[in-house]
Amino acid sequence: MTQTLTFTCELPNGVHARPASHVEQLCNTFAADIKWENTRTGNIANAKSVLSLIGTDTLQGDECIITISGEDEMQAIEKITHFIKTEFPHCDEALETTEETGDFAPLPRNLSNLSPAVVRGHSVSSGQGRGKLIQAGGINFDNFITLPSSKGLDEEQSALSTGLEQLRNALVLQQKADNSTAVAVIDAHLSILRDEEFSAKLLSGISEGSCAAEAIIATAKHYGKQLQQSSSAYLRERELDIRDICFQLLQMIYGTDQFRCDNALTEPSICLADDLTPSQFLELDKSLLKGLLLTHGGSTSHTVILARSFNIPTLIGIEESALSPFVNQEVLIDCKQGVVITAITPELERYYQEELRVNNVLEARHAKYRNLPGCTADTIKLEVAANIAHAIEAEPAFNNGAESIGLFRTEMLYMDRTTAPDEDELYNIFCQALEAASDKSIIIRTMDIGGDKPVDYLNIPAENNPFLGYRAIRIYEEYIELFKTQLRGILRASAHGSLKIMIPMISSVEEILWVKDVLAEVRQELRKEKVPFDEKIPLGIMLEVPSVAFIIDQCSEEIDFFSIGSNDLTQYLMAVDRDNAKVTKTYNSLNPAFLRTLDHVVREVHRHGKWIGLCGELGAKGSVLPLLVGLGLDEISMSAPSIPATKERLSKLDSRKCRQLLNKAMACRTAMEVEHLLAQFRMAQSDAPLITTECIVLDADLGSKEEVIKTLSDNLYLAGRCRYPDKLADDLWAREDVFSTGLGFGFAIPHTKSEHIEQSTISVAKLAQPILWGDDEAQFVIMLTLNKHAAGDQHMKIFSKLARKIMHVDFRDSLQKATSAEEIEQLLQGAIAE
Ligand code: PEP
Ligand code: MG
């Protein structure tokens, strides 16, 4: 028997990629063979393939027939009929795009004062690079005007099959590449080659009399057009993958001479491209590729992902016409500010040399901490771990000094795609992460879908209160197969390394018991199938729903560990939406109530002999680190780039002082009081005197006010006294704008009281040559930067003391004659002590 359903497509834009993905997702839940016929075009599609469905050219008003045959056809017809009537008409709503658009933040004053000629873009990686701007070609199939003529059906068919086979083999070989991201992209390309509909489309072209080349180009254009029209940025970006595969196929069959797209680099270059395909990117010589500028390409485009993994500075959303006049000229790409500098003046050259100096100093300093365990000055260990969202992030995280992965947010593996990953895909991903881990452990958090992390194909209806609704563990019962598949993937991978399972949003013991039952079932299945896994794999929960704080004793009987999700715990404890800009004032993890909760839970967990970490954003906040140390956590987990700096900060803290600080913080009445306490602690800690030789430079080759302010601010950053040197410099400039701080006699005292300086400091630059400072000249700059928590009148008191002393010729002479930073330090100490 066969079931059929006839209906009219009412979608205004027809069946493009997004609606097709909904249909495909549903149909794939049935074993039956399901066909979709568009009676107008006569095209019949396999309803389990997006490419195939798009190929039916179903437009608004077209009559369609779905035919279902197979053992579960009755269930299928019922569900599909319901879907077509109720959900299908609404599955064409616009998706949020991932493409960056809109405003750019203003440039820092130290840079904008140099009036750089810039083109702005959005940073999707870090670093800076310099080279000749070249236009890297996309593939334009219309450029191939003379195509080989058909040699007859059989010969063309066989050329195509051989080409497909050879390309498949070539890609499989490339999968052995070193770069794991490249492997993932090649995997995606292989899946296009495996798509039956893709091959069928190619073959049908040949059957209609086209040569293989014509059929390939027609296929590329056909799917390309459909995908480009998709309202999903993710699917639009897949268009480049189809074009890439088709072009490689042409080259495979006809040779690269006939289908040429030459992007060879011969010197250090910055590539500007409209649509560089992933394989074109892979072919570029990375030792010469100094930067990438893409006009298109969202953050999920494979080319962008690859560029990031090769550490190529990359900007997207670049306006091509703004840059085309500079092709073949030297340009500079700066991902920190999101700019391309099109005319590198000597001043800009020196600006970027200074940037490099700072990076090199930091790099060398962090290198020392990378391989050291997280440890306080009094040798109390605190494991510093990384948060990741995909296996490809594991390797860089461990290279950055992660002692483990404290949070693998797996929901990202389910997002931005049309179907859920299957068991093998998940298994491979977890194995890939384990390979990078060596013997270090990885906490895999099972999918935290829902809330702010929607997954289209699960069709979870929109809710008024998504964070309080159908999210994380709460959806597992309905999507039990999805959950079990994930558990199977994790368990299978656990045979190859140290994995732990963590469940998000647990609020009761019932939920833990339910999870344990499912886990036991899955384990039993695997045992029966004789599939190896770690029988002792630890099971933990996120501590992010406040109710858990009161049942730690009971939870501890059932699970092995806890990890505090401070993002959600703050949200739920304070009843404040973490994503609502209107209530950010209330969303404050320094609220004493929150700190008391943390203290309570850490004590309780330890009292019951269990392990507890923290994996919310709070873990990476340097200013809060003393409180986290005071809590006595076993681990903190954060985004990988923050790890070396955290380890460095940790090494300077004394755990006993941190505990005392926490006690004081918990006794505070307001978050503001806690902030003051932390600021005072920072100022008092690590005997940070007002004057330090680290912030004194002698005979400095600095040629302008901008260079002096930048270098001194950068030094404060390197000395750990300021976190955002550009912002501190902006505050200094705000004062300079009102009146110049030149005092005459070749002296200047730029000064500010700013929230961007952590430890009040007097910095000094004694210059090799005098420079212009307002209407005066200056050769001796004393820069005063005071913390906003410093006593109210301290700023002006120090300023006027210094200014008064400088009026004395003897003091000026002594400063000018000083030959060492120590001497200057002594003189200034004396001056402000008077
Ligand atoms: C948290 O809530 O702190 C957490 C780490 O989880 P997520 O941010 O993914 O909700
Ligand atoms: Mg959370």
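How do the residues of the lining of the second largest cavity divide into nonpolar, polar and charged? The model shown is predicted.

**Figure 1. The shell of residues around ligand 1 in the predicted model.** Ligand 1 is surrounded by 15 residues. Arg409, Arg445, Lys453, Asn567 and Arg578 are the closest of these. By class, the shell consists of eight charged, four polar and three nonpolar residues. Two elements, strand E14 (405-409) and helix H20 (566-573), each contribute at least two residues to this shell. Helix H20 gives the most, with three residues.

**Figure 2. Oxygen atoms of ligand 1 and their contacts with Glu544, Asn567 and Asp568.** From Asn567, a backbone N or O atom lies 2.8 Å from an oxygen atom of ligand 1. In the side chain of Glu544, an N or O atom is 3.0 Å from an oxygen atom of the ligand. The side chain of Asp568 likewise has an N or O atom 3.0 Å from an oxygen atom of ligand 1. Taken alone, ligand 1 exposes 280 Å², and the protein buries 99% of that area.

**Figure 3. The largest cavity, whose space is taken by ligand 1.** Two cavities of 30 Å³ or more are counted in the model, and the largest holds about 80 Å³ of space. Its lining comprises 15 residues. Nearest the centre of this cavity lie Arg409, Arg445, Asn567, Asp568 and Arg578. E14 and H20 are the elements that give two or more residues to the lining. H20 supplies three residues, the most given by an element. The lining divides into eight charged, four polar and three nonpolar residues.

**Figure 4. The second largest cavity and the residues that line it.** About 30 Å³ of space lies in this cavity. The lining is formed by Leu171, Gln174, Val185, Ile186, His189, Gln248, Pro278, Ser279 and Leu282. Helix H5 (153-174), helix H6 (180-194) and helix H10 (278-283) are the elements that give two or more residues to this lining. In reply to the opening question, the lining of the second largest cavity has five nonpolar residues, four polar residues and no charged residues. The lining of the largest cavity, by contrast, includes eight charged residues.

Terms used
Residues numbered from 1 in each chain as written. Chains lettered and ligands numbered in written order. Predicted model: local features only at pLDDT ≥ 70, side-chain atom pairs only at ≥ 80, totals over all residues. Heavy atoms only, no water. Near = heavy atom within 4 Å. Polar contact = N/O pair within 3.5 Å; in protein donor to acceptor, adjacent residues only side chain to side chain. Areas by Shrake-Rupley, 256 points an atom, 1.4 Å probe, with all protein chains shown as cover. 1 Å grid on protein atoms, 1.4 Å probe; cavity = no way out; pocket = protein on both sides within 12 Å on 5 of 7 lines; lining within 4 Å. Sits in = over half its atoms within 2 Å of the grid points. Helix = DSSP H or I, 4+ residues; strand = E, 2+ residues; numbered from the N terminus. Nonpolar A, V, L, I, M, F, W, Y, C, P; charged D, E, K, R; others polar. Points joined across faces, edges and corners; volume = space filled by probe spheres on them.
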